[in-house]
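Subject: Structure handover

Hi,

Here is the structure I promised to pass on. Please open it and keep it beside this email while you read.

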Amino acid sequence: MAEAMQLAYEERGSGPVAVFVHGFPLDRRMWIGQLAGLAKIRRCVAVDLRGNGLSKIDDPDPSFSMDLIADDVVKTLDEIGADQADVIGLSMGGYVVFALWRRHPARIRSLVLCDTKSEADSDEAKAGREKTAAMVREQGMEALWEGLGPKLLASNPSDDDVTRLKEMFVAQDPAVIAADALAMRDRPDSTPDLPGITVPVLWIHGEEDQLMPIDGARATAEKIPGARFAAIPRGGHMAPMENARATNEALLEFFGG
Ligand code: MLT
């Protein structure tokens, strides 16, 4: 049976296309601050990855890969008539962006990597993904929020950030989130690709990222020729959401706006 799927996205602004790819287990709404801040210089397109947010997938037990998800982003580029885009990905969105670079480099004008990493999962982390997938299928998104949600934010998060993040968590379909977790488990190591990236790169990272500490991110960014690095104060793993102003300043400078 053919798989029924509809990819949703939200757009704002005009100019060259910039595509925003969300993290796990979230959706396009995490980029609201960037769509508002960059609309003057970019046609900003925030996608909902397959099954997340408003993107619907007609499969009660889906199975994904980063390659499949990256190809979906290209489908959206095709749909909006964009030959190339600046591509911005946070965390799992960064894993998607690495797959996009491997599979469709000609579609990428520049890369922005936010609060992500290039390494594949360790055996321990792979086992953790399996536990996450099973837990979310059995207990739902509230249970994942309890275990993971607060770790995505800096210390002393604003009530507004907690509310926005939780709203996104609990809106997701547990079967899709389980499939995302297993796709992350199976992703390859992108570290060997870093020295061969030939487009301009900006790496944005929250100074207070608890999941992916900033020192490791700096060391990874240094492996990409000419990559710029912006440390975001008062930002955890969700730095673009937590400190949209500093993130947007870094993006505007990078895009020459
Ligand atoms: C994310 O924010 O997308 C995830 O934390 C990434 C991961 O678990 O590796």
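A note on the basis. This is a predicted model, so local features need pLDDT of at least 70, side-chain atom pairs count only at pLDDT 80 or more, and totals for chains, interfaces and linings use all residues. Residues are numbered from 1 along each chain as its sequence is written, and side-chain values use heavy atoms, with hydrogens and water left out.

**The ligand site**

Which residues surround the ligand? They are Gly23, Phe24, Ser91, Met92, Tyr95, Arg129, Met184, Leu211, Met212 and His237. A residue is near a molecule if one of its heavy atoms lies within 4 Å of it. This shell divides into six nonpolar residues, three polar and one charged. In this scheme Ala, Val, Leu, Ile, Met, Phe, Trp, Tyr, Cys and Pro count as nonpolar, Asp, Glu, Lys and Arg as charged, and the others, Gly among them, as polar.

Now look at the ligand's oxygen atoms. An oxygen atom of the ligand is 2.6 Å from an N or O atom in the side chain of Tyr95. For Arg129, a side-chain N or O atom is 2.8 Å from a ligand oxygen.

On its own, the ligand has 270 Å² of accessible area, and the protein covers 93% of that. Such areas come from the Shrake-Rupley method with a 1.4 Å probe; for residues, only the protein chains shown count as cover.

The space taken by the ligand is the largest pocket. A pocket is an open set of points on a 1 Å grid over the protein atoms alone, where a 1.4 Å probe fits, with protein on both sides within 12 Å along at least five of seven lines. A molecule sits in a pocket if more than half of its atoms lie within 2 Å of its grid points.

**A buried pair**

Find Ser110 in strand S7 (residues 108-114). Then find Asp86 in strand S6 (residues 85-90). Helices (H or I, at least four residues) and strands (E, at least two) are DSSP runs, numbered from the N terminus. A polar contact of 2.7 Å joins the side chains of Ser110 and Asp86.

Why does Ser110 count as buried? Ser110 does so because its relative accessibility is 4%. Asp86 is buried too, at 2%. Buried means under 20% relative accessible area, exposed over 50%, and partly exposed in between (1.4 Å probe, protein chains only). Asp86 and Phe20 are 66 residues apart along the chain, yet their C-alpha atoms are separated by 8.6 Å.

**Backbone points**

The peptide bond from Phe24 to Pro25 is cis, with omega near -5°. Pro25 sits in the loop between strand S3 (17-21) and helix H1 (32-38). Phe24 also belongs to the residues around the ligand.

Asn156 is not a glycine, but has a positive phi of about 55°. Its place is the loop between helix H5 (141-148) and helix H6 (159-171). Asn156 counts as exposed because its relative accessibility is 75%.

Arg234 also has a positive phi of about 55°, and is not a glycine. Look for Arg234 in the loop between strand S9 (228-232) and helix H9 (239-242). Is Arg234 buried or exposed? Arg234 is exposed, at 59% relative accessibility.

**Across the chain**

Asn52 is in the loop between strand S4 (43-47) and strand S5 (56-57). Asn52 is buried, at 1%. Asn52 and Ala171 are 119 residues apart in sequence and 8.7 Å apart in space, C-alpha to C-alpha.

Ala70 lies in helix H2 (residues 66-80). Its relative accessible area is 0%, so Ala70 is buried. From Ala70 to Leu49 is 21 residues in sequence and 9.0 Å in space, C-alpha to C-alpha.

Lys56 belongs to strand S5. Lys56 is partly exposed, at 48%. The side chain of Lys56 reaches the backbone oxygen of Gly53 at 3.4 Å.

Best wishes

Definitions and conventions: Polar contact = N/O pair within 3.5 Å; in protein donor to acceptor, adjacent residues only side chain to side chain. 1 Å grid on protein atoms, 1.4 Å probe; cavity = no way out; pocket = protein on both sides within 12 Å on 5 of 7 lines; lining within 4 Å.
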